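Look at the chain below and turn it around a few times. Then work through the questions and answers that follow.

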Amino acid sequence: KETLGPFGSRYVRQLWQTRSQPQGGVGRVPMVDLLAHAGLPVPKGMVLSKEAHREFLDQSGLLENLQTHPDGGEDPAPRVLTICLSHRSSMIEGELNRAICDALIGLGSPSVTVASEGSATRHLKSIPEVKDAIRKAWLSLEGLERQLEAASLGLEIPTWPILIIAEEG
C-alpha cells in the first residue's frame, strides 16, 4: 500500500506541522518540529522526496541516459554536460507535476525558495519558475557526476530531496 504525505502525495512532505494540525504524520521532520515547538522561527515549507527525484529520472529518460555506458574510459565531464543540457527542458509530468502544483498552491506563499545540496534559488513567484528551479537542482553538474559514477559502477543511482521554503511577504 502506498504511503501518502500530508499534501496527499508520496512525492511531497510538509516541512513541519503547526499545533492546529495533526501531530502524527508521514514524512515529518522531527528536529524541525522540535525547533518550532520550542518557539524558534521555522519557515513554512515542504520537501520533495527522493522518490520524487526517482520519478523525474524515470519519466524524463534521464535514468536511461545515465545507465548507457560509453565505449572506453572517456572523461565523464563532457558527458555530464551533454546529459545536463539534453534534459534541461524535460517536463515534470503526471502525478509528480500535480503533487508539486497542489503543494505550492496549498503553501499559499507569494514567493518561495527552492534549495538543494549546495544551491538555492530565491524569489520564485510562479509554478513554472519553481519547476525550472527543481529541474535545475536535479540536473546539477555535481549531482549528475555522482549519478553517472554510480551508474558506471552498477550501483543504485543516488537521488536527493529538495526543500521549498515559503518566503516572507
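**Salt bridges**

The structure holds 5 salt bridges. This is a predicted model, where local features need pLDDT of at least 70, side-chain atom pairs count only at pLDDT 80 or more, and totals for chains, interfaces and linings use all residues. Residues are numbered from 1 along each chain as its sequence is written, and side-chain values use heavy atoms, with hydrogens and water left out.

Q: Why is the pair Arg10 and Glu51 called a salt bridge?
A: A salt bridge is a side-chain nitrogen of Lys or Arg within 4 Å of a carboxyl oxygen of Asp or Glu. The closest N and O atoms of Arg10 and Glu51 are 3.2 Å apart. So the pair meets the cut-off of 4 Å.

Q: What makes this pair a tie between parts of the chain that are 41 residues apart in sequence?
A: Arg10 lies in the segment before β1 (12–14), and Glu51 lies in helix α2 (residues 50–60), so the bridge ties those parts together. Helices (H or I, at least four residues) and strands (E, at least two) are DSSP runs, numbered from the N terminus.

Q: Why does Glu51 count as partly exposed?
A: Buried means under 20% relative accessible area, exposed over 50%, and partly exposed in between (1.4 Å probe, protein chains only). Glu51 has 36%, so it is partly exposed.

Q: How do you know that Arg54 and Glu156 form a salt bridge?
A: Their side chains meet at 3.8 Å, N to O. That lies within 4 Å, so the pair qualifies. Arg54 sits in helix α2 and Glu156 in the loop between α7 and β5 (162–166), 102 residues apart.

Q: Are Arg54 and Glu156 buried, partly exposed or exposed?
A: Arg54 has 23% relative accessibility, so it is partly exposed. Glu156 has 67%, so it is exposed.

Q: What makes Arg135 and Asp132 a salt bridge, and where do they lie?
A: Their N to O distance is 2.3 Å, so it falls within the 4 Å cut-off. Both lie in helix α6 (residues 127–138), 3 residues apart, about one turn of the helix. Arg135 is at 9%, so it is buried. Asp132 is at 44%, so it is partly exposed.

Q: What makes a set of residues a nonpolar core?
A: It is a set of buried Ala, Val, Leu, Ile, Met, Phe, Trp, Tyr and Cys residues joined through side-chain atoms within 4.5 Å. The largest one here has 37 residues, and Leu48, Leu66, Ile134, Trp138 and Ile164 touch the most other members. Helix α5 (residues 94–107) gives the largest share of this core, 6 residues.

Q: Which residues is Leu66 in contact with, leaving aside its neighbours within four places in sequence?
A: Contact means heavy atoms within 4.5 Å. The partners of Leu66 include Leu57, Arg79, Ile83 and Leu144.

Q: Why does Leu141 count as partly exposed?
A: Leu141 is at 40% relative accessibility, so it falls between 20% and 50%. Leu141 is in helix α7 (residues 141–152).

**Strands**

Q: How do you know that strand β3 (residues 112–116) is mostly covered?
A: 5 of its 5 residues are buried. Val112, Val114 and Ser116 point one way, while Thr113 and Ala115 point the other way. In a regular strand the side chains alternate between the two faces of the sheet.

Q: Why is Ser116 called buried?
A: Its relative accessible area is 14%, so it is under 20%. Ser116 is in contact with Ala137, Trp160, Pro161 and Ile162, leaving aside its neighbours within four places in sequence.

Q: What makes β3 and strand β4 (residues 119–124) a pair?
A: Two strands pair if DSSP finds at least two bridges between them. β3 and β4 have 4 bridges, so they pair, in the antiparallel sense. Ala115 has Ala120 in β4 as its bridge partner.

Q: How many bridges join β3 to β5?
A: There are 4, and the two strands run antiparallel. Val114 stands opposite Ile164 in β5.

Q: Why is His123 called exposed?
A: The relative accessible area of His123 is 54%, so it is over 50%. His123 is in strand β4.
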